Amino acid sequence: MKKIYQSFAILLIIFSSLTAQTPQAFKYQAIARNNLGNIISDQDVSIRISILAGSVSGTPVYIETHAVHTNHFGLANIAIGTGTGIGDFSSIDWGNDIFFIKTETDPLGGIAYTLMGVSQLLSVPYALHSKNTTNVNDADADPSNELQNINKIGNLVVLNQGGGSFVDEVNDNDTDSTNELQNINKIGNLVFLNQNGGSFIDEVKDNDADSTNELQKIGKIGNIVILSDSGGFFIDEVNDADHSPINEVQHLSLNGNDLSITAGNTITLPSGGLPVGTTGQTLRYSGGSWQANSHLYNDGYKIGIGTTSPVHRLDVYGSGITNIRISSTNHYTGLEFVRIGNQFEDYKFLNEGDQLCLYADTEDFQSTSYYRILSIRSNGNVGIGTTNPNFKLHVNNPSGTAIVANSVPDTSCAVFAASTEGIGLIAEHNDALHSNPAILATNYGAGSGIYAEANSASGEAVFGKASAQYGINRAIYGLTESADGYAGYFEGGKNYFEGNVGIGTTSSPYSLSIRSTSTNKSIYTFNRYSGSLDKFGVYSIVNSEGTGDKYGLYSQVDGNPAENNPLYGAYIYTNDNDNSGNTYGLYSALTATGTGDHYAIYASTNDGYAGYFEGGQNYFEGNVGIGTTSTNYSLNIKTSSSTRSISTDNQYSGSSNKFGIHNMISSDGTGDKLGIYTRVEANPADNSPSFGVYIETEDNGNSGDIFGLYSMITTSGTGNHYAIYASTSDGWAAFMNDGDLFVRDNVYIGNSTGASGYKVSIDGKVICEELKVQASIAWPDYVFNKDYPLTPIKELEKSIRTNKHLPGMPSAENINKEGITLGEMSTKQMEKIEELTLYIINMHKRIVKLETELNNLKNK
């Protein structure tokens, strides 16, 4: 359709009034007209007004929008300052600049504004500046905008209304204004200095009601000092008259080296005076004078020996081997640690012969009952619970556990014992009546409770031997109460067990018996071999001896009738980890020369699936027969028990294309190539329809394109190319029962060659009940516009005689050659009908006029 561009004819009318309260708006009127000058009446329009400062392209200081409805005459009334604004209309300083009004409109009432013009605001809006103009006789209550008077008394210039004053010293003898004489004056309680010297209010005898800024007086009655106006008082005790000797004033005096204080003692100062020290430095008397000591530091809280930065209460620092030495004249030398007020926290280090012993108080720090808890001999042996340690670490506890070792870091060991010749660790349990273990190791981290290492080629890191010939005895017994822990853990090397081995059972009639009630895996293998040989999770060899059945792997799984979970005789999971080699979930190779049947895989079931393959790809080399042993083709399917020979259910959920059946035929060979060939033989006794291909597609609410049948041909051959080819000896070659039919390119009916430039070409007749043409050109109502150029009758007559057809209409020759476009022809015909209507109206006006003139002549 042809767009109609509309515009506004702007008529600006501004009203304002000068009152005590200036209105923050002014009126604005506009008449809306389209591009042909016609009034846009009774219609919603949008107007945007911008106030620009300085010039026609100045910065907007205020913007507002209005949504108005024009009246019958196309007039729109707004008040600038009351619309939806951006900025503050009341803050515009109308008297400080020139301003322009920018007008933009959208005749359709939207926000697609079109610039209509920019014009300067003249005098009337500047009446808004009247709110800032002073008025001597104004009637408001604001004293801050009154006229002021200036006066001069002598050389004092004064401005009333609190405007200040200054002394005029212009008539001095020099031109330097900074060296004039100044006078101080007081008028009332205002004290001021001329030459801008400042002023202050003398409130000594003020007349205000504030009692907090008055002058006060101080007086003394006896020994009581009083401040007036409730200023408080105090007792002067300097020359007190009491009889207490402890609160008297004392005097300090120095006579020679004697320093005395009245009513006190006298001390003799060393000669030479005291040296000047630093913070924390102590003084040392050398016998004749005081000297500063830099090796002993005392800050009142910490003491440092050999350091001036003590961290602890006593901090000793030295470069020698021995920094602290404790000596005694008797048999013992020791060190005692006492925590005041707490029991059982009194400890002593004593030197007894060739041992350094640690004793603990059994009661409290005042007791003398100590017991030895640690002995260190001069040969390096350490004893705990024994007074005579014979080993590097000798622990003895006659009433309980001897050693409890805890390791917190993951990389450390709770107990580490190493020996190059003897035994690293000996643990004996001699109590035959109890079952306590000789060694109990508990590990809470990732380390080892007991770690044993054998560096000899034939040694044992851990050796356990049970010598009893009866009962259930255990050479090594491991127990863990953690669901994730290991009662026994063997890493690296080889593990050898002689005799039957039972896991989870003490009854093992076989070489290996495994029973589990607490985990879902009876056997779990994890092969970490990293060499180049074949790697096996489970490797089984059964030799040819014996005549019975031989099974490389025999598995029996009994189902639980109470549950519906699946059962697997063997479950195989293979993860290739992006390995580019072949990956087999199950690989079976059979090499046999016997005459019996050979099955690489044999599967048999009473019900269900003899073979069930899920996911991935399945590869079969050679012909495959399903329901038949005669396989003349790559895949032969024969069924008499199911309605479907082939049923596909693609559950793929990725982003690639999904196919129910994907068929690819190579270009090899010269015969016909059929992607899908179906032959359906109808039963003459059955009237049901027969479908060569039946396709049903369900969109499931999908918003994407849905195709019941999608056919695409990509070829460069010279033969005919048909995306879909349908042929029948009777009936319909194609029958569309429901839905719309969309053809992107041309449609040819009755002929394989169509007319150029047309989407549909029909060689033959067309009949329809109704035909509707929706043209893209404007309908000719513009003929009735006042400014439409109607061709005069004489020119019209001349054109018809010359061209033999109406102006603007095609000739018979063009129609015979190019045909008729219904939409365009209907528009041109309507244009001529409307022009004919105007001719008739004009002719009617002339007839009426002539009849009137004729009647007037008759009446004379």
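Author: Of the contacts in the protein chain with a separation of 6 or more, 28% are between residues 24 or more positions apart; contact here means heavy atoms within 4.5 Å. This is a predicted model, where local features need pLDDT of at least 70 and side-chain atom pairs count only at pLDDT 80 or more, while totals for chains, interfaces and linings use all residues. Residues are numbered from 1 along each chain as its sequence is written, and side-chain values use heavy atoms, with hydrogens and water left out.

Reader: OK, how many helices and strands does the protein chain have?

Author: The protein chain has three helices and 36 strands. Those are DSSP runs numbered from the N terminus: H or I with at least four residues for helices, E with at least two for strands.

Reader: And what share of the residues is buried?

Author: Buried residues make up 12% of the 860 in the protein chain. Buried means under 20% relative accessible area, exposed means over 50%, and partly exposed is in between (1.4 Å probe, protein chains only).

Reader: Switching topic: how many salt bridges are there in the whole structure?

Author: A search turns up six. To count, a side-chain nitrogen of Lys or Arg has to be within 4 Å of a carboxyl oxygen of Asp or Glu.

Reader: Which residue pairs with E835?

Author: K832, with the closest N and O atoms 3.4 Å apart. Both E835 and K832 lie in helix α3 (residues 822-859), three residues apart, or about one turn of the helix. E835 is buried, and K832 is buried too.

Reader: How about D299, which residue does its side chain meet?

Author: The side chain of K302, in a salt bridge at 3.6 Å, N to O. D299 counts as partly exposed because its relative accessibility is 37%. K302 has a relative accessible area of 18%, so K302 is buried.

Reader: Is C357 buried or exposed?

Author: Buried, because its relative accessible area is 0%. C768 is partly exposed, since its value is 47%.

Reader: Last one: where does S799 lie?

Author: In helix α1, residues 793-803. Not counting residues up to four places away in sequence, S799 touches K804, H805 and P807. S799 is buried, because its relative accessible area is 16%.
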